[in-house]
Amino acid sequence: MTSIISRVDAPASVSEVTSTRLADGRELLYFDDTARPLQRPSRDRRDLPGRGPSGEIRYDALTGEWVAVAAHRQHRTHLPPADECPLCPSTDARPSEIPAADYDVAVFENRFPSLGPDFASAPAAPGWGSRGLAGGRCEVVAFTPEHTGTFAALSTRRVRTVIDAWAHRTGALSALPGVAQVFCFENRGQDIGVTLHHPHGQIYAYPYVTPRAAVMAAAAGRFQEAAGGTATLTGSIVASERADGDRMVVEGEFFSAYVPFAARWPLEIHLVPHRQVPDLAALTGAERDELAVLYPDLLGRLDALYGSPTPYISAWHQAPLDPVLRRSGYLHLQLTSPRRAADKLKFLAGSEAAMGAFINDTTPEEVAARLRDARTGTA
Ligand SMILES: [Zn+2]
């Protein structure tokens, strides 16, 4: 089990934030590891066309779920060569999306967003034929100025800056009009649809509660009500997993990671705080310090399993902003991978894709044992 020395009095955010605008008006923020901002030009000298209109959301009356229709994204950048990477620092000869010669972590509004740039709530009481503006915000988080590498290989200090950036953006986006839920995530690996190699993640601010969050919020609400408000579902599960031990991967002072009892994916890890917090913005400095060690440790274990990079989706589940749903909301990370062997991926076929009924070919206990033994830092 991992243990680290925590500083209980650590400030919640230890990074310096600088905000600026790109040539077409999009917001860009620099998060620096040091308290002293780096020297950088603040003006984007590109001649960019104006921003396009927002797409639309359409209501699927069969399931009660919203679908974002973003046909304009067909023309977005797809696997550019390294010398045309939009996330590398700018040079005089080649301006990128980040108008600086260097940076630590940069966050900016996606040029080809699925949601936004407008803000609008999803229509109330929708039915067949209901549509609305795809309001909200899609942001890109560049984890490092280096074009190659992995999140797992970032320094602890840099991971702490990324956590501060996630927390800052979660707080800021939650305050924007019409936003119902904020989702920080990373897709890693071309196999699962990554269109840029440069290490980066994304943040979506949705104008509605997403289908999966709605299902989980309903389960959490039912549990909390049955417990007379004295317990949370996620808190109860993390306590049970820690007591049981069979599926544990890493246990810290503030967080535990385990393979869930009913894992859907060949590789699935949940990383959960020991106390109920709604989102990343609510984490204390000491909790963020520990997360900066535990989270990349887990990513390193995924890569160490087969001695080569494992594609994954890293998804931060944060409480929706609806005050009722938020009462039972509980931050946690769901880290999943379709990799089921060194050279095999699980594809979502009939049962999973059509019915949402997952069939897992591995046992969670066996996967947890392998992850506990995985030697990290060998990616
Ligand atoms: Zn790059």
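Two strands pair if DSSP finds at least two bridges between them. Strands (E, at least two residues) and helices (H or I, at least four) are DSSP runs, numbered from the N terminus. The model is predicted: local features need pLDDT of at least 70 and side-chain atom pairs count only at pLDDT 80 or more, while totals for chains, interfaces and linings use all residues. Residues are numbered from 1 along each chain as its sequence is written, and side-chain values use heavy atoms, with hydrogens and water left out.

**Exercise 1. Strand E2**

Task: Find the strands that pair with E2, and state whether E2 is buried or exposed.

Solution. 
1. E2 covers residues 27-32. E2 and E5 run antiparallel and are joined by four bridges; in this pair, Tyr30 stands opposite Ala106 of E5.
2. E1 also pairs with E2 in the antiparallel sense, over six bridges. Here Ser19 has Leu29 of E2 as its bridge partner.
3. E1 and E2 form a hairpin with five residues between them, and Gly25 in the turn has a positive phi of about 95°.
4. Buried means under 20% relative accessible area, exposed over 50%, and partly exposed in between (1.4 Å probe, protein chains only). Six of the six residues of E2 are buried, so the strand is largely enclosed by the rest of the structure.
5. In a regular strand the side chains alternate between the two faces of the sheet. On one side of E2 are Glu27, Leu29 and Phe31, on the other Leu28, Tyr30 and Asp32, and all are buried.

**Exercise 2. Strand E7**

Task: Describe the pairing of E7 and the two ways its residues point.

Solution. 
1. E7 spans residues 137-142. Strand E5 (residues 105-109) is joined to E7 by four bridges and runs antiparallel to it, with Val107 opposite Val141.
2. Strand E9 (residues 200-206) pairs with E7 over six bridges, again in the antiparallel sense. Val141 stands opposite Gly201 in E9.
3. Arg137, Glu139 and Val141 point one way, and Cys138, Val140 and Ala142 the other way.
4. Six of the six residues of E7 are buried, so E7 is largely enclosed by the rest of the structure.

**Exercise 3. The zinc ion and the cysteines**

Task: Name the protein donors of the zinc ion, classify its site, and state how many disulfides the structure holds.

Solution. 
1. Donors are N, O and S atoms within 2.8 Å of the metal (3.2 Å for Na, K and Ca); water is not among the atoms, so sites may look incomplete.
2. The protein donors of the zinc ion are Cys85 (SG), Cys88 (SG), His147 (ND1) and His198 (ND1), at 2.1 to 2.3 Å. Their spacing along the chain is C-x2-C-x58-H-x50-H.
3. Four donors count as tetrahedral if all angles lie between 85 and 135 degrees; four count as square planar and six as octahedral if opposite donors are over 155 degrees apart and all others between 65 and 115; anything else is irregular. The angles among the four donor atoms are 101 to 119°, and the site is tetrahedral.
4. Cys85 is buried at 1% relative accessible area, and Cys88 is buried at 12%.
5. A disulfide is a pair of cysteine sulfur atoms within 2.5 Å. The structure holds zero disulfides.
6. For Cys184, the closest cysteine sulfur is that of Cys138, 12 Å away and too far for a bond. Cys184 is buried, at 0% relative accessible area.

**Exercise 4. The nonpolar cores**

Task: Identify the residues that touch the most other members of the largest nonpolar core.

Solution. 
1. A nonpolar core is a set of buried Ala, Val, Leu, Ile, Met, Phe, Trp, Tyr and Cys residues joined through side-chain atoms within 4.5 Å.
2. The largest core has 52 residues, of which Phe151, Trp166, Leu271, Leu280, Leu291 and Trp316 touch the most other members. Helix H4 (residues 285-306) gives the largest share of this core, ten residues.
3. Contact means heavy atoms within 4.5 Å. Neighbours within four places in sequence left aside, Trp166 is in contact with Phe143, Phe151, Cys184, Ile203, Leu280, Tyr295 and Trp316.
4. A second, separate core of 14 residues includes Leu22, Cys88, Ile98 and Tyr103.
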